[in-house]
Amino acid sequence: MAERPSEFLSTRALNRALLARQMLLERKKTGVVAAVEQLVGMQAQIPRPPFRGLWTRVQGFRREDLLKSLHDKRLVRATAMRGTIHLMSTKDFLTFRPVLAEMLAKAANSVVGRNMPPLDVDAVCKLGRAFFGSPAPFDDFREFLEKEHSEYATTTVRAMAYTVRMGVPLVMVPTDVTWGFPGNAGFLLAEKWLGQKIPTDATSLEELVLRYLAAFGPATPADFQTWSALRTSREVFEKLRPKLVTFTDERRHELFDLAEAPRPPEDTPAPIRFLPEYDNALLAHADRTRIATDEHRTSVVLNNLQVIGTFLIDGFVAGIWRIERAKQAAELLLKPFIRIPKKAMPALEEEGASLLEFLEPEATIRSVRATMKGFAFK
């Protein structure tokens with residue numbers, strides 16, 4: 001029997017599917033841990049973006065909700081997908097850290113090969129485990145390496161530190177500062193912080209693919225690879241094919257998805273939404289046209305790998321934003337990429353004002369202003 005042709009999904013249909021799964025069609029009444037698990041983690045190189053990302057997705061979200069979950073050790077901030085710092089539930093971190101271990105080790109090896117003389121990587125990781133038996137910033141670890149291994153150049157020391165960051169399961173330790181972590185936060189062995197051993201059996205790749213599809217599908221193996229940096233995904237998708245449904249997009253890519261996952265009609269209304277810096281909704285696909293045009297994407301993901309905060313109109317990236325603070329005044333600056341429809345302006349200003357109130361509660365003067373001038377990302 002001939003295989004049934006895959007159903008076609010337009011770019012707008014893919015957009016609405018993504019928004020639904022990312023809690024961007026409507027704010028969801030859910031707990032913080034459950035929200036982070038729905039997203040399979042939130043990129044978190046800097047402390048604030050996950051707070052902003054949860055505010056835009058979770059009904060009634062408060063900063064204290066995330067801080068409490070971090071201090072209660074139900075959420076952790078640690079190296080994960082793509083070798084970048086992510087906010088994850090402790091359950092997911094323990095489940096998926098072994099799956100990511102080989103990818104993280106290869107990332108470290110690629111740096112080691114360029115910057116290090118021959119060295120015993122296991123010995124370097126052993127040094128790291130000993131050092132991070134108590135909380136310490138990576139700056140302190142590099143200083144320690146420079147003192148204990150003065151024969152190595154600074155670039156070699158940095159490569160050694162990177163090897164530890166990739167190869168040793170560490171978590172960042174939250175403090176009592178406003179956004180949970182100071183700029184130079186301390187790292188600690190994950191097993192010490194969590195009080196349990198990190199599993200070593202990497203048996204959950206299929207589960208990770210299914211969780212990815214629940215959060216970002218329909219998607220291709222290349223999309224999953226872009227999000228995770230795991231390079232053996234094609235075989236896993238093929239193994240899962242009998243359990244999945246397939247679609248074809250406007251570029252004739254075959255997309256895989258969970259049968260019961262939400263795929264709203266393409267004309268489903270999409271509200272104004274503000275996304276923080278480094279939001280995975282913008283980064284989780286090889287083909288990102290389902291949320292940002294190729295033209296606009298280059299103004300959001302910069303050459304230095306910084307990812308600027310964006311706002312969505314009708315579900316798609318329509319511009320970037322930043323906050324300027326001067327004494328008691330806080331201003332939300334918007335730089336549109338498109339001509340903003342007149343009917344969208346009231347909602348854009350209202351949502352922007354709410355975001356500004358959340359991020360700058362101590363400001364006594366707040367305003368939202370669109371500007372066509374460029375501004376640097378901070």
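Tyrosine 212 is buried, as is phenylalanine 224, where buried means under 20% relative accessible area, exposed over 50% and partly exposed in between, with a 1.4 Å probe and protein chains only. The model is predicted, so that local features need pLDDT of at least 70 and side-chain atom pairs count only at pLDDT 80 or more, whereas totals for chains, interfaces and linings use all residues. Residues are numbered from 1 along each chain as its sequence is written, and side-chain values use heavy atoms, with hydrogens and water left out.

Aromatic pairs were considered next. Rings of Phe, Tyr and Trp (its six-membered ring) pair if their centres lie within 6.5 Å, and planes under 30 degrees apart count as stacked, over 60 as edge-to-face and the rest as tilted. By this rule the count comes to 22 aromatic pairs. In one of them, the ring centres of phenylalanine 131 and phenylalanine 144 are 5.2 Å apart with the planes at 35°, so the pair is tilted. This pair links distant parts of the chain, with phenylalanine 131 in helix 6 (residues 121-131) and phenylalanine 144 in helix 7 (residues 138-148), 13 residues apart; helices here are DSSP runs of H or I with at least four residues, numbered from the N terminus. Phenylalanine 131 counts as partly exposed at 21% relative accessibility, and phenylalanine 144 is partly exposed with a relative accessible area of 26%. Tyrosine 212 and phenylalanine 224 form an edge-to-face pair, 5.4 Å centre to centre and with 75° between the planes. One aromatic cluster is formed by Phe131, Phe132, Phe138, Phe141, Phe144 and Phe187.

Definitions and conventions
Helix = DSSP H or I, 4+ residues; strand = E, 2+ residues; numbered from the N terminus.
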